[in-house]
Amino acid sequence: MTRALLVLNTDADRKKVTAWAWSLPPGTRCEFKAPKRSLDQNARMWAALTDIATQVTYRTLKLTPDDWKLVFLDALKREVRIVPNLDGTGFVSLTKSSSDLSKQEMSDLLEIIQAWAAQNGVVLHDERVAA
């Protein structure tokens with residue numbers, strides 16, 4: 001086995017992981033992650049980012065929802081890095097995708113977005129953002 005992914009939902013899943021662990025060669029890497037963010041959380045995030053993008057000019061710039069996502073991911077203290085592009089005319093973001101956020105990280109991100117929006121007079125039209 002070179003790669004496998006198993007979401008732990010049942011006792012049978014846990015038994016399968018245990019069996020795999022005993023059968024794998026030394027040096028095999030295992031990674032455990034918290035539950036992944038939900039589709040509902042993702043929808044709430046994009047609704048809020050769209051509201052912010054349409055209502056706010058940030059330091060004289062009109063940012064897109066994607067731009068705002070990077071700004072808020074930085075506020076979440078996730079690694080955000082940029083490097084010059086190959087031809088030297090701009091920059092490339094090396095930021096990890098928000099799709100890899102756990103449910104808890106996404107919840108924290110939504111709280112940051114909601115608090116910032118409230119402090120800056122942004123009306124969030126999706127009432128689930130506060131949920």
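This is a predicted model: local features need pLDDT of at least 70, side-chain atom pairs count only at pLDDT 80 or more; totals for chains, interfaces and linings use all residues.
Residues are numbered from 1 along each chain as its sequence is written, and side-chain values use heavy atoms, with hydrogens and water left out.

Q: Why are H2 and H4 called roughly parallel?
A: Helix H2 (residues 39–55) and helix H4 (residues 103–119) pack at about 25 degrees, with axes 10 Å apart. Angles run from 0 to 180 degrees between N-to-C directions, and the axes are lines fitted to C-alpha atoms over the stretch in contact. Under 35 degrees counts as roughly parallel, over 145 as roughly antiparallel, 65 to 115 as roughly perpendicular and the rest as oblique, so H2 and H4 come out roughly parallel.

Q: What makes up the contact of H2 with H4?
A: On the H2 side are Gln 41, Asn 42, Arg 44, Met 45, Ala 48, Leu 49 and Ile 52, and they meet H4 residues including Met 106, Leu 109, Leu 110 and Trp 116. Contact here means heavy atoms within 4.5 Å. The residues of this contact split into 10 nonpolar, three polar and two charged.

Q: Why are H2 and H3 called roughly perpendicular?
A: Their angle is about 110 degrees, and their axes lie 8 Å apart. That angle falls in the 65 to 115 range, so H2 and H3 are roughly perpendicular to each other. Trp 46 and Thr 50 are among the H2 residues in this contact, and Trp 68 and Phe 72 are among those from H3.

Q: What makes Leu 109 count as buried or exposed?
A: Buried means under 20% relative accessible area, exposed over 50%, and partly exposed in between (1.4 Å probe, protein chains only). Leu 109 sits in helix H4 and has 1% relative accessibility, so it counts as buried. Leaving aside neighbours within four places in sequence, Leu 109 is in contact with Met 45, Phe 72, Leu 73, Leu 76 and Leu 101.

Q: How do you know whether Arg 59 is buried or exposed?
A: Arg 59 is in the loop between H2 and helix H3 (65–75). Its relative accessibility is 67%, so Arg 59 counts as exposed. Arg 59 also has a positive phi of about 50 degrees, although it is not a glycine.

Q: And what about Thr 60, buried or exposed?
A: Thr 60 lies in the loop between H2 and H3, and with 75% relative accessibility it counts as exposed. Its phi is positive too, near 75 degrees, in a residue other than glycine.

Technical notes:
Helices (H or I, at least four residues) and strands (E, at least two) are DSSP runs, numbered from the N terminus. Ala, Val, Leu, Ile, Met, Phe, Trp, Tyr, Cys and Pro count as nonpolar, Asp, Glu, Lys and Arg as charged, and the others, Gly among them, as polar.
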